[in-house]
2 protein chains.
Amino acid sequence: MDIASLRAQHPDHWKKACAIRVLTLDAVAAANSGHSGMPMGMADVATVLFEKHLNFDPSAPLWPNRDRFILSAGHGSMLIYSLLHLTGYKQATLDELKNFRQWGARTAGHPEYGHLEGVETTTGPLGQGIANSVGFAMAEESLRARWGAKVMDHYTYVIAGDGCLMEGVSQEAIALAGKHQLSRLIVMWDNNGITIDGKVELSDVTDQKARFAASGWDVFECDGHDPVAIDAAITAAKASPRPAMIACKTHIALGSSAQDTSKGHGALTDKQLIADTRAVYGWDHGPFEIPADVKAAWEAIGARGIATRREWESRLATLPAGKQAEFKRIFAGDPSPKITSAVRNVKKAAVETPKKLATRSASELVLAALNPVVQETIGGSADLTGSNNTKTADLGTFDPANRKGRYVYYGIREHGMAAAMNGMVLHGGVRPYGGTFMCFTDYARPSMRLSALMQVPVVYVMTHDSIGLGEDGPTHQPVEHLAISRATPNTWVFRPADLVEVAEAWELALSTKTTPSVLALSRQNLAPVRTTHSNQNLSARGAYVLAEATGKRQVILIATGSEVEIAMKAREMLEAEGIGTRVVSMPCMELFAAQDEAYRKKVLPAGTVRIGIEAGVRQGWDRWLLGERGKEQKAAFVGMTSFGASAPADRLYKEFGITAEATVERAKALL
Amino acid sequence: MDIASLRAQHPDHWKKACAIRVLTLDAVAAANSGHSGMPMGMADVATVLFEKHLNFDPSAPLWPNRDRFILSAGHGSMLIYSLLHLTGYKQATLDELKNFRQWGARTAGHPEYGHLEGVETTTGPLGQGIANSVGFAMAEESLRARWGAKVMDHYTYVIAGDGCLMEGVSQEAIALAGKHQLSRLIVMWDNNGITIDGKVELSDVTDQKARFAASGWDVFECDGHDPVAIDAAITAAKASPRPAMIACKTHIALGSSAQDTSKGHGALTDKQLIADTRAVYGWDHGPFEIPADVKAAWEAIGARGIATRREWESRLATLPAGKQAEFKRIFAGDPSPKITSAVRNVKKAAVETPKKLATRSASELVLAALNPVVQETIGGSADLTGSNNTKTADLGTFDPANRKGRYVYYGIREHGMAAAMNGMVLHGGVRPYGGTFMCFTDYARPSMRLSALMQVPVVYVMTHDSIGLGEDGPTHQPVEHLAISRATPNTWVFRPADLVEVAEAWELALSTKTTPSVLALSRQNLAPVRTTHSNQNLSARGAYVLAEATGKRQVILIATGSEVEIAMKAREMLEAEGIGTRVVSMPCMELFAAQDEAYRKKVLPAGTVRIGIEAGVRQGWDRWLLGERGKEQKAAFVGMTSFGASAPADRLYKEFGITAEATVERAKALL
């Protein structure tokens, strides 16, 4: 459909869509950066979606039963900023649009969760939004099954571009959605045939419709500029019993001289181009100027959902008061009040009947205590259920036959799992955790980073956390992955030493509202190191004195996880030689770094030899060995300096020199 | 086909395939770990492939024109170890099989490149092998076009499992292969319907054949136990003008009581089960015992390629001597002798006509000098060609119409690109480099780790390496990624400060045979800091004194990349106040760490204030600030402690306090 006939046939629609287009042009020009073409191309689809389908209420942006709109093609951020402004979201002021991409503005370069109401997830790194959306749709299915359609019954809409579909994570997401028949998930593909480097065919000849269909999706298509066709496609997609993809044939940078070119993908800032494009649009208004009638039409769309939201609120009000409070709690992300006592019971029992246990098995014990009382958890694993110890007896399997099930078989899809978990937390009402091998942090990294950036408390259960996994060899043995996760801002990396510390780590991980946690857990059995019960969560301070020197304190051994046992053994040997040795267990460096100087000094006083012990690389340890009153001449690290090898775990520890004997030797050499 | 009729109809085939199966059972039992089911299921396919199709010569494992066999489902490592032993690879002794997964054995838990001849790539992390294979096939196409089918003309065969196909990277690989019509690439899918967690349908309902077809592959299928059907399918696949996928319907752990179950995926070590399975096979021989006739039959298969290899050698010998030497050099991975002078010329010109330049643009200048003389480079980008500055005028575009082109448009597939580049180096004859934004290191991580583990010199061109990228915001701003790459063993992370250092980094990256390089390059323009020419590659020592203190040396500023300019400015300000200040440029921490103590001490002597300046997190820096004769009380770091933000670069540097002024303030406070 050409622009002239579009304008002629659908004048009201045209004006509304054009408001998006010119706001985009104006904001990108003001910022002198950004991406103009995508919002200009998808304005018609977005207009129809918001006008006729999306259930939303700008006056209640967090209304739990709203439809979710996810702009997976996050570089087109002006599309969502324009929509939020036009429909009347309070935070999306015209000034914010004028400040697009500037310091302090809510209108970040790419849409960021937590910056601006109405932005459901942070997108920009391609493929993340579509993969998040699977989590949103799973959370909705789960909550609908468990709470009833009366209070949970909505769609998740996604706009994705070719970039999203080329990223591998999209395949993981598509396959997962297909398997789970997520019929409330609708993906609108911005089929504009253009990427940054040129035409899509330069790098891809995939028949996307066939690809989605191969994974159990229903596929629709439409002229992405014809409002009637768009409406029909969305209507059909909503009625489909499977997840639906709508291939929207669009023109990137519609109406500009850069239309249908890769130039149109980027920032169109040329004044003449912008003026010419306005003329093509028949738009006679100045920069950032939206005529009152157009703004009113958009605001009417924004007001459309108020009644629906109020009806929903009255339905929620018919639930028993306790249920209402619970519903509100889980959507607020507040921790269950039952966590603390469940964790205490586990800790008590652990001390009463101590036994050797892999921390991954300890984690299963903790989950077995928590899952029955913390009903918002949704567990899962990337096809390593028995190894990650993530499934407990009560959960049931989430699948199309049992939407109430709380355990997800994610398949061999670490990245898709992580992205889906982000989506679940963002949806609200559930708290996901998921497992894989620590080494495959690598696969999940892009989404793990976004958990941290978005401040969403996903729990990553990373087992087989060192060379201690043994025979599978260096391809499966993490050595740099603790450092990788610790290098990432706003990430808690827990490496607990025994069942007590595992329980404490879970308590912290399930209680925070703003920080994702990585639980690094051993494959191999470990001796318990916490032998007396304390109600206090000692891990909450990140590090603490586990065993004090009996005589004069000459050595401090700092260790994490499976190496705490080695530190304790080394301490015994040193003490036997009259060398007073303190052992500090450091299950979470980030939490220790957050303690005040006085506490840190108490744990790590000056003047002793210090040795760090961890079966990983040293990077990140110098802070505690050389810093915090440490000294280069009196510090050493017992750990890895290379990749691992294939052999039984004990042999590897010996060959790589991570033993009590090696520790003692280093300590004595430094005294 | 049931086992009885298989045995009856194809007795010779059966025995050969059974040799693989029992060696697998025996080795896994001996190791008490490993994966039995996959080799037992795919033994028939592998036997037919090796017997009738694969061009190989165990006596010349590195013969450049051999067909490549890639076991993407690397957990089934005993399949390839058995094959290599049976066909007569010298290194694959029976003792090595008996030592499966033990310390020092070549038979690592998962197949590892460099440990055992005949293993073409390291697999185990799922999806990597199939994604490598695209690189193998691209290298073959490229070399065939440029050197002629006389010396380069072979297939790449892959065995992939459901795990490989569920990993997102497989989609990137499949789409890339489809686009490039890599007709010499044949993937045999082990369609056994089982994963670790249970049946595939637990997590996937994808129609894999339709999925491959959607990306332009030809698809075949066969009963994976019927040698006639397997042969027919491979024959058809070889004739196909497109990449081919053969869906091989197989039974995991064939013939055992664990057949067709997830138990069968793992280690079958039960004595009775093994005895029963042997009985089903009709195999009366002891553990690790292969009857002479069966071994002889396998060795005859191994000998099949000798003549072909010799013919190839005579064809190679018909090339002019210079060409022959060049062919051998590129397959040995030896650096081009032309690199040094090309780099020197760039360095000289840089000093003669200094100008402000982003290091990504500097990189393009260096490539423009190198690509024409180093013909084995193959460049590319994950859809950021203009931003990564990876394309030079002479390269031409690699695609089905121009196989001689040396530039690959990888599409929005960072992971697939990295994996393909690994495959290219492993194939031999080419040296790939590829670009994306530094932040998307995250997407490429699993393959970048394997570059390091395999010791293959891929060059990762990572531009937009800090908050200096500005308005795109924190989703695109790396802060932890330098630390991530530095935490990885055997990885050179270069962060050059100007054109001279960029040239030096490229010289090193293209000259090593064993280490991948990460080039972290700025988006923003930088002032040149190397103002006098030196033939010597100063970056080769990792760090060096860029500017000496004029008076008494009181402060050492250590900086990398874009922050060297800031250090130089801070030095000026400090010197103006009479505070003698040295600036150390540290383009590569790994190379500096490898220098002897004397040199390190010369660069970083004791006794001064030390400040590190880098627009990333501190992790990794304490070694140079607190260690190497540094002192906590006299050290500081000017960098990032959080994610970045959306704003112009200058504003971000100011807001995050990464400025000369902030540096001066810190230095004075510590004096």
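Entry 1. I started with one charged pair: Arg445(A) forms a salt bridge with Glu480(B), and their closest N and O atoms sit 3.0 Å apart. I kept in mind that this is a predicted model.

Entry 2. Which helix of chain A gives the most to the side that touches chain B? I found that helix α19 of chain A does, with eight residues, and this helix spans residues 441–454.

Entry 3. I then sorted the side of chain A that touches chain B by class, and got 39 nonpolar, 33 polar and 27 charged residues.

Entry 4. How many salt bridges are there between chain A and chain B? I count ten.

Entry 5. Next I looked up the extent of the contact. Chain A puts in 99 residues and chain B puts in 99 residues. The area buried between the two chains is about 7900 Å², and carbon and sulfur atoms give 58% of that. In chain A, the residues that lose the most area to chain B are Trp103(A), Tyr443(A) and Arg449(A), which together make up 10% of what that side buries.

Entry 6. Last, I checked how chain A is divided. I noted domain 1 at 3–308, domain 2 at 339–526 and domain 3 at 540–670. Between the C-alpha centres of domain 1 and domain 3 of chain A I read 52 Å.

Definitions and conventions. Residues are numbered from 1 along each chain as its sequence is written. Chains are lettered from A and ligands numbered from 1 in the order in which they are written. This is a predicted model: local features need pLDDT of at least 70, side-chain atom pairs count only at pLDDT 80 or more; totals for chains, interfaces and linings use all residues. Side-chain values use heavy atoms; hydrogens and water are left out. Domain bounds come from an automatic or database domain assignment. Contact means heavy atoms within 4.5 Å. Buried area is the accessible area (1.4 Å probe) that two parts lose on being put together, summed over both. A salt bridge is a side-chain nitrogen of Lys or Arg within 4 Å of a carboxyl oxygen of Asp or Glu. Helices (H or I, at least four residues) and strands (E, at least two) are DSSP runs, numbered from the N terminus. Ala, Val, Leu, Ile, Met, Phe, Trp, Tyr, Cys and Pro count as nonpolar, Asp, Glu, Lys and Arg as charged, and the others, Gly among them, as polar.
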